[in-house]
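Biologist: I would like to go through this structure with you. Could we take it step by step?
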Amino acid sequence: MITLPDLVETVVKIAFILGLTIGFYAPIIGWIERKQSAVMQDRIGGNRAAILGFTVIGLFHSLADAIKLIFKEDFVPRGAETALHRLAPVISVVPALIAFAVIPFGGTYNLWGHETRLVIADLDVGVLYVFAIASLATYGVVIAGWASNNNWSLLGALRAAAQMFSYEVAMGLTIIGLVMFYQSLSLVEIVDKQENFYHWGIIWHFPAFILFLTCAIAENKRIPFDTPEAESELVAGYFTEYSGMKFIMFWTAEFLEIVTISALCVTLFFGGHQIPFVTVSGLIDFLGFLGPNGANAAAMLIGVAVFIIKLTLLIMLQMSIRWTLPRFRYDQVMKLGWKMILPASLIWIFLVGAGILTGVMPAV
Amino acid sequence: MGAVAVGIAGAMLMLSEFLGPKHFFREKMEPFECGENQIVSPKQRYSVRFYLIAMFFIIFDIEAVFLFPWAVIFQQLGMFGFIEMMIFILLLGVGLIYVWKKGALEWE
């Protein structure tokens, strides 16, 4: 039975997550991408867009881009499958938005007698849910490429499909070791088990983290794995024929996928909202001078802030990789996926199993 | 959450449909091909390697599907479950080596 407070709680959480991802991270990533590249290449970067003379170190450029592209002509090329051409950006952006639903962004807090767990849906199969939803994005890409009636688009879509398939397999297998370690597929449970700093994923599963991050970048089609949209070979890959808002939708989807995959990474390897050596209940006790509700609210804010800081750092790490490495050739991308990461992740499963059975790894 | 997401996506699509100029003429509606008219249609046969990759994906993803439930109860199964699953992974490893040696993972 759904009561009114539960309903309000869920609505607030959904609003918060959508605000965080689409309202905060999507423009911020656009800004980080510009500004971080500028810093890394010793340039100034975008700093002209201003509201009433305030430029706020170029933050308004994302807003200016969005407004500009909204008012651009919406264009469907001759011979394209009109309905599918319109549907493709929607199929790309919706999975990117809903994949965040199972990722916990805070602990359990008791506010005015109402117990709140900061996750929209605590599914028992949270890990599988994220993988399933993330793989739906492949449909958007393939449909976009097919419906455009354009050679570049189709080539980009084929490359994207093969690449995303390959890395999805490897990505699933890199997580198996963690699941063996935590004995759960629920992201909430995995985060709770990382309350002890010595049980964080990054400490016992560092090789898996490297493999997972590589797969994640490839799955999101980011540089150095951006062969599906390589602008010097394929113009813009599968979204060559998209303009205006539909073009933004593909970019939003890509940025949101970065956010989601980084959030999954934070949850699995970096303890989500947990602060090293500090438990949630310990934090609430420490803040006890604010009164029971105040302490819970303050602990909640700190937890969410820690989660966001970890998430942002991980996104900036991916951006650094993006501006450091050159693009792989397509055969190198596939070779890396099938001949290196896949066997390496199978070997890692064996090592984790042996480690747990011999007692080298602690039983969590 | 899904409904809200679809709503946002739909709103974004509608915005671009209604705002923005619309001027159509024949040359502009051509699919982009570096300024040329389209020489070959994209609706034709393409490399068989993409099908092969899709088939390998199914095989290895099913492997992953078997591994997930095993991984959850791994610590209860103990040594028996570990050896059983390593035999399974070994068989798939042999499959991967076979595919590899046959040259199905090569792109030239």
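Biologist: What percentage of the 364 residues in chain A do buried residues make up?

Modeller: Please keep in mind that this is a predicted model. Buried residues account for 52% of the 364 residues in chain A.

Biologist: And which secondary structure does chain A have?

Modeller: Chain A comes to 13 helices and two strands. Its radius of gyration is 22 Å, close to the 21 Å that the globule rule gives for 364 residues, so chain A is as compact as a globular protein of that length. Along the principal axes, the C-alpha atoms of chain A fill a box of roughly 65 × 55 × 50 Å.

Biologist: Of the contacts in chain A with a separation of 6 or more, what share comes from residues 24 or more positions apart?

Modeller: Such residues account for 78% of those contacts.

Biologist: How many residues has the largest nonpolar core?

Modeller: The largest nonpolar core has 134 residues. Among those with the most contacts inside this core are A:Val130, A:Phe212 and A:Cys215. Helix H5 of chain A, residues 151–182, gives the largest share of the core, with 22 residues.

Biologist: Staying with A:Cys215, which residues is it in contact with, leaving aside its neighbours within four places in sequence?

Modeller: A:Cys215 is in contact with A:Tyr167, A:Ala170, A:Met171, A:Thr174 and A:Ile341.

Biologist: Now helix H2 of chain A: which residues are buried there?

Modeller: In this helix, residues 60–70, A:Phe60, A:His61 and A:Ser62 are buried. Helix H1 of chain A, residues 4–40, is included in what covers the buried residues of H2(A).

Biologist: Changing topic, how many residues does the contact take from chain A and from chain B?

Modeller: The contact takes 60 residues from chain A and 47 residues from chain B. On the side of chain A that touches chain B, the elements that give two or more residues include H1, H5 and helix H13 (330–358) of chain A. The largest share of that side, 13 residues, comes from H5(A).

Biologist: How do the residues of that side of chain A divide?

Modeller: They divide into 39 nonpolar, 12 polar and nine charged residues.

Biologist: Last topic, chain B: at what angle do helix H2 and helix H3 pack?

Modeller: In chain B, helix H2 (residues 49–72) and helix H3 (residues 74–102) pack at an angle of about 170 degrees, with their axes 10 Å apart. Angles over 145 degrees count as roughly antiparallel, and H2(B) and H3(B) are therefore roughly antiparallel to each other.

Biologist: Which residues make that contact?

Modeller: Among them are B:Phe56, B:Glu63 and B:Trp70 of H2(B), and B:Phe74, B:Gly81 and B:Leu92 of H3(B). By class, the contact of H2(B) with H3(B) has seven nonpolar, one polar and one charged residues.

Terms used:
Residues are numbered from 1 along each chain as its sequence is written. Chains are lettered from A and ligands numbered from 1 in the order in which they are written. This is a predicted model: local features need pLDDT of at least 70, side-chain atom pairs count only at pLDDT 80 or more; totals for chains, interfaces and linings use all residues. Axes are lines fitted to C-alpha atoms, for helices over the stretch in contact, and angles run from 0 to 180 degrees between N-to-C directions. Helices (H or I, at least four residues) and strands (E, at least two) are DSSP runs, numbered from the N terminus. Angles under 35 degrees count as roughly parallel, over 145 as roughly antiparallel, 65 to 115 as roughly perpendicular and the rest as oblique. Two residues are in contact if their C-beta atoms, placed from the backbone, lie within 7 Å. Ala, Val, Leu, Ile, Met, Phe, Trp, Tyr, Cys and Pro count as nonpolar, Asp, Glu, Lys and Arg as charged, and the others, Gly among them, as polar. The radius of gyration is taken over C-alpha atoms; the globule rule is 2.2 Å times the number of residues to the power 0.38. A residue is buried if 20 or more other C-beta atoms lie within 10 Å of its own, exposed if 12 or fewer, and partly exposed in between; C-beta atoms are placed from the backbone. A nonpolar core is a set of buried Ala, Val, Leu, Ile, Met, Phe, Trp, Tyr and Cys residues joined through C-beta atoms within 7 Å.
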